[in-house]
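Q: Could you walk me through this structure and show me how to read its sheets and its ligand shell?

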Amino acid sequence: MKKTVDLCVIGGAGAGLCAAVHARELGVRAVLVIDKQPKMGGCTRMAQGVFSCDSPVQKRTGAKMLSADECFTYHMDMTNCEPDGKLVRKWLTTTGKVIGWLEDYAGVEFIEAAPWSTGLPAYHMCAKPTGNEIVNHLIAKAQETGVELVNNVRAKHLITDDAGAVTGVLAEDKDGEEWEITAQRVIIATGSISANQELIQRFYAQDGDMGNVRIMANVPHNTGDGLIMAEELGADTTPIGNLYIGPHNHPSNPRTALLLRRPHTIKVNRNGERFVDEDMIITRWWGWTLAVSLNRQPDKMCYGIMDTSLLRYWLENKKNYYPLEMIHGTGHTNIKDDYGKDDAKSLDRVNPTKWLDHIEEDIEKEIAAGRIIKCGSYAEMAQAIGCTEEAIRTTIEDYNRYCEQGYDEEFLKEKEYLFPLTEFPMYVMVGHQGIDTPIGGLRVDHNQKVIKKDSRPIPNLYAAGIVSGGWMGRNYGFFGSEMSYVTYSGYAAGENAAKAILG
Ligand SMILES: Cc1cc2nc3c(=O)[nH]c(=O)nc-3n(C[C@H](O)[C@H](O)[C@H](O)COP(=O)(O)OP(=O)(O)OC[C@H]3O[C@@H](n4cnc5c(N)ncnc54)[C@H](O)[C@@H]3O)c2cc1C
């Protein structure tokens, strides 16, 4: 099959659909989106919220939010100025406009900018699961405006002319038929490398053994195809950005995972030693820095410890401690457990602590599965953790002394969360490191053009969405940054490609 279009977008999810719909809006006539999956939307359908600043949602709800300028400074500081400042600046000064475009042009309805995780009213959510809403509206707009959407067609290689300029895409459909697509411009929007073990090993080489690290947003179609295709043409790469989201239990029971993460629960490593200020998850804007600390522990594992009196305290004083608990509790998300079932026990809009009603039953199940170990003595705790009895005893005795004096000598945990561990049985909860989505890999400039190792663009080639890097450092920034950058970069790539096509 041979096909000629003005613009070919590879990957029909958040980034690809924004690019295609916006390019068509600007006047590009023949816009084609190919996606290798039977359904458009990729992992974007699962996203819960979109970070943004200076957005119309924040304006109409009166949300007191940092300005785009302030967000720029925070993002660059938080990421140690690793990202491309020009790219970040364009993203953060345009994301608010893109939210408005999603609402006004595509018909997405955001009901709030929730103060999720950072406490900043920045996490834009729809009444129904947000990523799914965005995808559905973009598909409808694409169909209404004549963007051609084709599923079950997988791009394999980019086609170039003798000068190295991209002139199209070589693809294959599900019946094995080859598609030769000629296009003036091509946008790669194929998502992350999360399901490609070879790329994971290569990009995470400096992080050591990843055996115990679970890639949480591991979606089978995210095999890094766009990155591989562009590298065939000499494209440069970036380090991978990470949203570390440990500690979590695995396979996951979202409710016992919340206990593990609670600020009172001390976390010890395999040597039986605390390694972090455990209330970081709520006392810092960037709560996931707790997980960054976990990254440098032996085997990237930890053990959360609660005693009987702490569990009793939580059951008697039903309270949400951090925004993730609220999200789990309020049904804002289509949380599914590891087996893909809707986790109805986590969802209750009216009573956001209802999940605690089931927690003892959950704990018993986790004990039976060996992910929580109920211990009657320090010796049993040592055995569960794999450390010496003396090590765990010393850690807990020291910690109890900090609780008594109201001052955590080691990590300065807030007094409010210093709860002594004195009553056996104690519960040792196994905690793994997790990464949400590996972010980036393919280097782009501030116009979303794919860049070669000599810093020059590959002519006619753009990249958008999570396949492209250089806008996030090695660690995360504002919560919901991925969907923010995904929608922005799709919009920008579509606009830049359209300008080039229309002249
Ligand atoms: C469970 C879950 C929850 C999340 N929650 C959030 C959140 O709340 N906020 C947030 O900011 N981020 C969140 N993320 C991350 C966010 O969803 C992703 O980073 C984002 O959706 C990536 O968008 P994308 O368009 O770049 O790629 P994707 O959505 O992964 O789409 C890539 C598309 O490209 C197609 N494709 C791939 N290779 C080819 C090929 N060779 N040929 C043709 N098509 C191809 C795929 O089929 C897919 O449709 C979450 C992720 C998951 C999995």
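A: Gladly! Let us begin with a term: two strands pair if DSSP finds at least two bridges between them. Keep in mind that this is a predicted model.

Q: What holds the strands of a sheet together?
A: Strands of a sheet pair through backbone hydrogen bonds, either parallel or antiparallel. Here, β13 and β14 (residues 426–432) pair in the antiparallel sense over 4 bridges. Looking into that pair, the bridge partner of C375 is M426 in β14.

Q: Which helix packs on the sheet there?
A: Helix α8 (residues 254–261) does, touching β12 (301–307), β13 and β14. The direction of α8 makes about 100° with that of β14.

Q: In what order do the 4 strands of this open sheet lie, and which stand at the edges?
A: The order is β11-β12-β14-β13, with antiparallel pairing. β11 (266–268) and β13 (372–375) are at the edges with a single partner strand each, so one side of each has no neighbour in the sheet.

Q: What is the order in the open sheet of 3 strands?
A: That one reads β3-β5-β4, and its pairing is antiparallel. Its edge strands, β3 (50–51) and β4 (110–114), each pair on one side only. β4 is joined to β5 (residues 123–126) by 4 bridges, and A113 has H124 in β5 as its bridge partner.

Q: Which residues come nearest to the ligand?
A: Of the 38 residues around the ligand, these are G11, A13, G42, G191 and G465. Elements giving two or more residues to the shell include α1 (14–25) and β2 (31–35), while α16 gives the most, with 4 residues. The shell divides into 15 nonpolar, 18 polar and 5 charged residues.

Terms used. Residues numbered from 1 in each chain as written. Predicted model: local features only at pLDDT ≥ 70, side-chain atom pairs only at ≥ 80, totals over all residues. Near = placed C-beta within 6 Å. Nonpolar A, V, L, I, M, F, W, Y, C, P; charged D, E, K, R; others polar. Contact = placed C-beta atoms within 7 Å. Axes fitted to C-alpha atoms, helices over the stretch in contact; angles between N-to-C directions.
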